Amino acid sequence: MSYDSTRISEQLRVLEPAISEFIVRYNINTVLGPAGGGPRQTVFIFPGGMASRLMRAKTPYVPGVANQIFDYDEAWINPFTFLGDARHLKMTRAGSTHSDKWNKIIVADGLINLFGVTPYVLFTLWCTLKKLDYFVFPWDWRRSVAEVSDFFIATFLPFFRDLVKAGCNNADPLQRFSLIGHSAGGMVVNWALRSGDGLIIAGLDKAITVATPFYGYGGQLHRWFEGEEYLNGLGNVFRSGIIKAICSFPGCYAWMFLPEATYLANQGAFNGDPNYPLAVYPSVDFAAGGHADPYNPLTNGAQHRYPSATSSGFDDVELASAKLVVDHLSSPLGAGQAAQLWNIRGDTLAGNTHNRTRWKWVPPTAPSPINDVDWAAGDGVQPAWTARHVDLDAVAGHVITIKSPLATHTTLMSLPETIAEIAGILGVP
Amino acid sequence: MIKKSVKAKEADKPPLEITSEEALAFIRELQKKFRRAPRTKAEKARVQEYLAKFTDRELRAVGSRVQSDLMLRPPETIPPKTVRKPTKRKRRD
């Protein structure tokens, strides 16, 4: 078995206990009766980027050995992450596949718990109280949403269905199911919605994104040059390693502002949002003010847009692959897809979300060439204009804005207003 | 009347909210105390002992703030600030 097939096999094995817990909940709900007595539905919850816990195998993968299984240590996130461990999440690309540092397989398992804080606790509690058959699908946020979503549909769902049918008197958990994704988790949902796998996805009822960027956001550009403040260490001792790790994550390349062509093709719709218009392209050159397309980085003599591959590991191949992903995720929705998709976005009413970016040519890469220009309405991380697909303007009620000082990016999923909207969409009384 | 334990009293308190600056100062102090990730069980235990000097409420406040901030753009303008030194908690057996 190859590294990748072993990793996938291990990912499924690691998720088995969570599936067993789902089976227990499912059987309890069978006795208690589903919420409101209506038809049952399974709800898959996709955590946001960085919200899934990552686990690293204690021993390396050995090429050529069949059926390897491993014990795991927590790799993301715990106190040691801040002491240089985050650098070791670095991946290595070989063609179109990616392996982990030291050849120690990394899988996603559950939600993060940092200093006793776990996201989505209130939301999953609500699911339990409402007797919803929910499953939190942890995913490796370092990887491309396309890869994660394809794994979910083609590999995980059949595996999940077989186990649940075996444990639940042959009941099919995919007869009717919905997907809810928070932040980057909504990008996985968006990809899944567009999946061509008709058989397994036939039971898909609703797809809901919460605080999900459809057209990128301003945070990622900083990371290529600045790393992550919390992880950079004292005196930035780890920063170079953190930047190299971030530049090795294919998933991060799809988090940047939208390609210029996408903006131009939808300019009217962006500017036409009555409350949250995007009047101009959000990424511009620092000096000249022209468009600076993250997915079409031009050069200016000897200067360019991104840090060099040798200093940072920035990978033009990943950038080109990510462009295909973001193009697909922002492409027009079919009528059926639009009818199944809901976007929930937050507005903190404080106009406190970074909106546009000015970008200097590099070198030099320090100080950071990225400058945030202004602020917009949003959830503090995602501007409101990016958190809805423009095609949903034509579907009444499918873009929902939660306006509250508490509608921040990380708390949006737990707000009673958001939960009430999700209940309405899912038909939960 | 039964006296509430320290932990129970703490659980009654509302969640502590701290700023990004305070969370970063906490992490910087941790990084100052431990210059590299622990490699042995004993080293890991020393990190845990250090963290045990803070209350659960304080740690949760840091955890909550850091989780929020990780999705933000890197807060590069945050000025360094002195975090409070961990105070020894009285052991109550």
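A:I77 lies in the loop between strand 3 (72–76) and strand 4 (91–94) of chain A. The model is predicted. In it, the peptide bond from A:W76 to A:I77 is cis, with omega near 5°.

Most peptide bonds are trans, and most residues other than glycine have a negative phi.

A:P363 sits in the loop between strand 13 (357–359) and strand 14 (370–372) of chain A.

## Positive phi in two loops

A:K131 has a phi near 60°, a positive value, and is not a glycine. The loop that holds A:K131 runs between helix 2 (121–129) and strand 7 (133–136) of chain A. Is A:K131 buried or exposed? A:K131 counts as buried because it has 20 C-beta neighbours inside 10 Å, and the cut-off for buried is 20 or more.

A:N169 is not a glycine either, yet its phi is positive, at about 55°. A:N169 lies in the loop between helix 3 and strand 8 (177–182) of chain A. A:N169 counts as exposed because it has 9 C-beta neighbours inside 10 Å, and exposed means 12 or fewer.

## The nonpolar core

In soluble globular proteins, nonpolar side chains tend to be buried together. Here, the largest nonpolar core has 133 residues. A:I45, A:F46 and A:V188 have the most contacts inside it. Helix 3 (residues 145–167) of chain A gives the most to this core: nine residues.

Leaving aside residues up to four places away in sequence, A:I45 touches A:Y120, A:Y134, A:V136, A:F137 and A:I180.

Note on methods:
Residues are numbered from 1 along each chain as its sequence is written. Chains are lettered from A and ligands numbered from 1 in the order in which they are written. This is a predicted model: local features need pLDDT of at least 70, side-chain atom pairs count only at pLDDT 80 or more; totals for chains, interfaces and linings use all residues. A nonpolar core is a set of buried Ala, Val, Leu, Ile, Met, Phe, Trp, Tyr and Cys residues joined through C-beta atoms within 7 Å. Helices (H or I, at least four residues) and strands (E, at least two) are DSSP runs, numbered from the N terminus. Two residues are in contact if their C-beta atoms, placed from the backbone, lie within 7 Å.
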